[in-house]
Amino acid sequence: MRVAVIGAGVIGLSTAQSIYEHYHSVVQPLTIQVYADRFTPLTTSDGAAGLLQPNLSDRGKEEETRWTKETFDHLLTFIKSPHGSEMGLFLQSGFNVVSEPAQEPCFKDIVFGFRELSERELQMFPGYKHGWFNTAMIVEGKSYLPWLMRWSRLLILLVKCHHRRIESFAELHTCHSMVMMDCGTNGWRSGQPDSDLRPSRGQIIKVDAPWLKHWVLAHNFTKGEFTYIIPG
Ligand SMILES: Cc1cc2nc3c(=O)[nH]c(=O)nc-3n(C[C@H](O)[C@H](O)[C@H](O)COP(=O)(O)OP(=O)(O)OC[C@H]3O[C@@H](n4cnc5c(N)ncnc54)[C@H](O)[C@@H]3O)c2cc1C
């Protein structure tokens, strides 16, 4: 079987690796071709801080919570292995603060050490009335993507990367039995319109503050703002 994956950000490369690991022993021959017009270090994923913690609520999409738990548990198996630091994996603790009392987040049983903030802790965050503390996983894109590319080069006969922009599925379907589309944040409206996928925009400010060791995610529901600090 020839599988095409479009996109070489964290989603595309992880998809290629997951397909290989799940199926190479049962589907033979299996080759995976990754097509992308940008590879590391030029994807959005390279710039991500890599905090693996979903939104406060999965809005009833329970599979999102399940996928996060599976990803967290999968990465946890590497964290004490020699690959952990090459992959840019580590655990880091921090504060989630909210402008008004809210239901416990959907990730409470996925992360470690989840608990409510005390009044004393909340005094550090004026304007925020409620919150939680927990330890989350960090998967730094600047390390994780090069690690995935090194993995693909080790399997050069089975996993091949092509620097190429794809405009439509038709370009690939004649020579591949399965096409996975993972073009992430750049989107691919002409190839596969998806009304659920919406771009969002924000500003990132990089500051030199080595004394900051915890992340802080601040949700202001009244103003519809989400501001965060992630050390790294
Ligand atoms: C500054 C910043 C910080 C962030 N921090 C976090 C964080 O802490 N935690 C978190 O979970 N998320 C974070 N994010 C969001 C996260 O980076 C993205 O959700 C994630 O990188 C998306 O990955 P992706 O693989 O889907 O897309 P991308 O990394 O954008 O990769 C898309 C791939 O598709 C390819 N492609 C697109 N169109 C085509 C085409 N037509 N033909 C061929 N190839 C194509 C591109 O070349 C690229 O290889 C952050 C984002 C930014 C910008």
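You're looking at a predicted model, where local features need pLDDT of at least 70, side-chain atom pairs count only at pLDDT 80 or more, and totals for chains, interfaces and linings use all residues. Numbering runs from 1 along each chain as its sequence is written.

Now show all of α1, residues 10-23. The helix has 14 residues and spans 20 Å from first C-alpha to last, close to the 20 Å expected at 1.5 Å a residue (1.5 Å times one less than the number of residues). Helices here are DSSP runs of H or I with at least four residues, strands are runs of E with at least two, and both are numbered from the N terminus.

Then pick V5, L13, A16, I32, V34, Y35 and Y144. They have the most contacts inside the largest nonpolar core, a set of 29 residues (buried Ala, Val, Leu, Ile, Met, Phe, Trp, Tyr and Cys joined through C-beta atoms within 7 Å). Two or more residues each come from β1, α1, β2, β6 (130-139), α6 and β7. Colour domain 1 (1-48 + 144-192) and domain 2 (53-139 + 202-232): both give residues to this core, so it lies between them. Those bounds come from an automatic or database domain assignment. The C-alpha centres of the two domains are 29 Å apart.

Zoom in on Y144. Leaving out residues up to four places away in sequence, Y144 touches V10, G50, M87, G88 and V139 (contact means C-beta atoms, placed from the backbone, within 7 Å).

Last stop: β4, residues 89-98. This strand pairs with β6 in the antiparallel sense over ten bridges (pairing takes at least two DSSP bridges between the strands). Select L89 and you'll find V139 of β6 opposite. Strand β9 (residues 215-220) runs parallel to β4, joined by five bridges, and V98 stands opposite H219 there.

Zoom out to finish: the chain has seven helices and ten strands, and its C-alpha atoms fill a box of roughly 60 × 40 × 35 Å along the principal axes.

Conventions: Buried ≥ 20, exposed ≤ 12 C-beta atoms within 10 Å, placed from the backbone. Contact = placed C-beta atoms within 7 Å.
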